[in-house]
Amino acid sequence: MIPKENVFGEFVREKRLALHKEDKNYSLRKVAMRIQVEPSYLSKVERGEQPPPSEAKIVLLAEDLGEDKDVLLALSGKVSSDIQEVIRKRPALFAQLIRDLKDMPDNAVLRIIREVRDGNW
Amino acid sequence: MIELMNDSLCFSFPQVHPDAKLEISFIRTLRIPDDGAAYPDPPRLGAFPMVHVDDYENSVPAQWLEWGGVMLPMYQSEALLVQFGFGKTRYPFAVKLAAGKINALTGDAWSNDLTPYPQDYAVSPPQEEISGYCVGRGVVRQFIAMPLGLGSTAEEQLADNPKYGGVQVCAYPMKAEEFERFSKSPDEFEVMSGVNEEQAPFHAKMGLGLGGLLGQDVKLDPFGYDVWDRQNRSRCFVHLTDSALWTAVTGQDPPAAPPRAMHYNLAGLPYHEEIYAPTPVHEGSRILGKLRTIEAQAGD
């Protein structure tokens, strides 16, 4: 199913064109070649005429464009398989956690990142 | 703060600057001969795995919980190097490194602050790794895992009450305003590099003993002591476990077997020379230079 809003395709196109201004290696054809898809397919994805590609291709695209893979996956409506695996182990706990974090500001979310604890030595 | 990600300690200081990030990994390497010759960098065998000691609070020694940090498994006589990873912005850090709370650059006992003379910290970037105790200009003695109790570690040879073992690291970011100044006019710091050169004429539980000599420059601070944000620091105790303790604590086998003869046979050829930048280098520690190596002790 193609998302009503083409946020993924528009984001990819915007980032690719910005890079292409500085570096001709970011043409549609060359990016498509590096992530091993047809240029016509990538063009349709950018225009929202095709749904976003597979997780593996999105990860390759993120690496090629220098973007965060989790951001691209989220824009495509996907969750990376490693995160899915984490959630599957304790689904109720993580579902509750994510709901609780929904409206929390970034700095508060950062505070719950697990830190390596320093002790008394 | 420090996070443990992909077997690296990821230091970040968002309160100082969004780009203030540094990764520190501990890399397995082959042990080089201790025959008086200075060897080039030996081949690497990947990063040691690390886990939070807090995840094993019921099975690690109680003392480790008090000291906090992470732990990693090493076989006796295995060699280790400390590798620094920095992002595209190359945000500079001053990094103190110790084994058994003995500073690996100076041989002095651990302190939480930076000391400019003799310089008791590395600066990364440009420093990409440290493979051992800094015992002279352009040479280090390889870090070799040894059990505490044999008298082989630097800590046991220098400290009055050796008890810590492990590795200790502490990172201090460059002050944000200095980084911004550096980013806008990097040439200014090249001038400072010369100034600094004049200022620095010298330069069960396991610990780290002294192995063979490796050719490696520990570069002097090219930025100057005042650029470091000493109010913002993060430090970590890295406990070293032997394979038996690792298995007892985690319930898992150590992920990698010790290096075999094959690795060493192969290593006869693939040593690679590092091309050193012409940055002034640390003179090494006269204290550490006088310590006895594992090989020398075995000959007694």
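In which helix is A:Pro39 found? Select A:Pro39 and you will be in helix H3 of chain A, where helices (H or I, at least four residues) and strands (E, at least two) are DSSP runs numbered from the N terminus. This is a predicted model, in which local features need pLDDT of at least 70, side-chain atom pairs count only at pLDDT 80 or more, and totals for chains, interfaces and linings use all residues. Residues are numbered from 1 along each chain as its sequence is written, while chains are lettered from A and ligands numbered from 1 in the order in which they are written.

A:Pro39 counts as partly exposed because it has 14 C-beta neighbours inside 10 Å; with C-beta atoms placed from the backbone, a residue is buried if 20 or more others lie within 10 Å of its own, exposed if 12 or fewer, and partly exposed in between. Leaving aside residues up to four places away in sequence, A:Pro39 touches A:Leu28, A:Arg29 and A:Ala32, contact being defined by C-beta atoms, placed from the backbone, that lie within 7 Å.

Next, select helix H1 (residues 7-22) and helix H3 (residues 39-47) of chain A, which pack at an angle of about 115 degrees with their axes 6 Å apart. The axes are lines fitted to C-alpha atoms over the stretch in contact, and angles run from 0 to 180 degrees between N-to-C directions. H1(A) and H3(A) are therefore roughly perpendicular to each other, a label given to angles of 65 to 115 degrees. Their contact is made by A:Gly9, A:Val12 and A:Arg13 of H1(A) together with A:Val45, A:Glu46 and A:Arg47 of H3(A).

Now move to chain B and select strand S17 (residues 234-241), which is mostly covered, with eight of its eight residues buried. B:Ser234, B:Cys236, B:Val238 and B:Leu240 point one way from S17(B), whereas B:Arg235, B:Phe237, B:His239 and B:Thr241 point the other way.

Strand S7 (residues 70-73) of chain B pairs with S17(B) in the parallel sense over four bridges, and B:Met71 has B:His239 as its bridge partner. Strand S15 (residues 167-173) of chain B pairs with S17(B) in the antiparallel sense over five bridges, with B:Gln168 opposite B:Phe237.

Finally, display both chains: 17 residues of chain B are in contact with 10 residues of chain A. On the side of chain B that touches chain A, strand S1 (2-5), helix H1 (62-67) and S17 of chain B are the elements that give two or more residues.

Definitions and conventions:
Parallel < 35°, antiparallel > 145°, perpendicular 65-115°, else oblique. Contact = placed C-beta atoms within 7 Å. Pairing = 2+ DSSP bridges.
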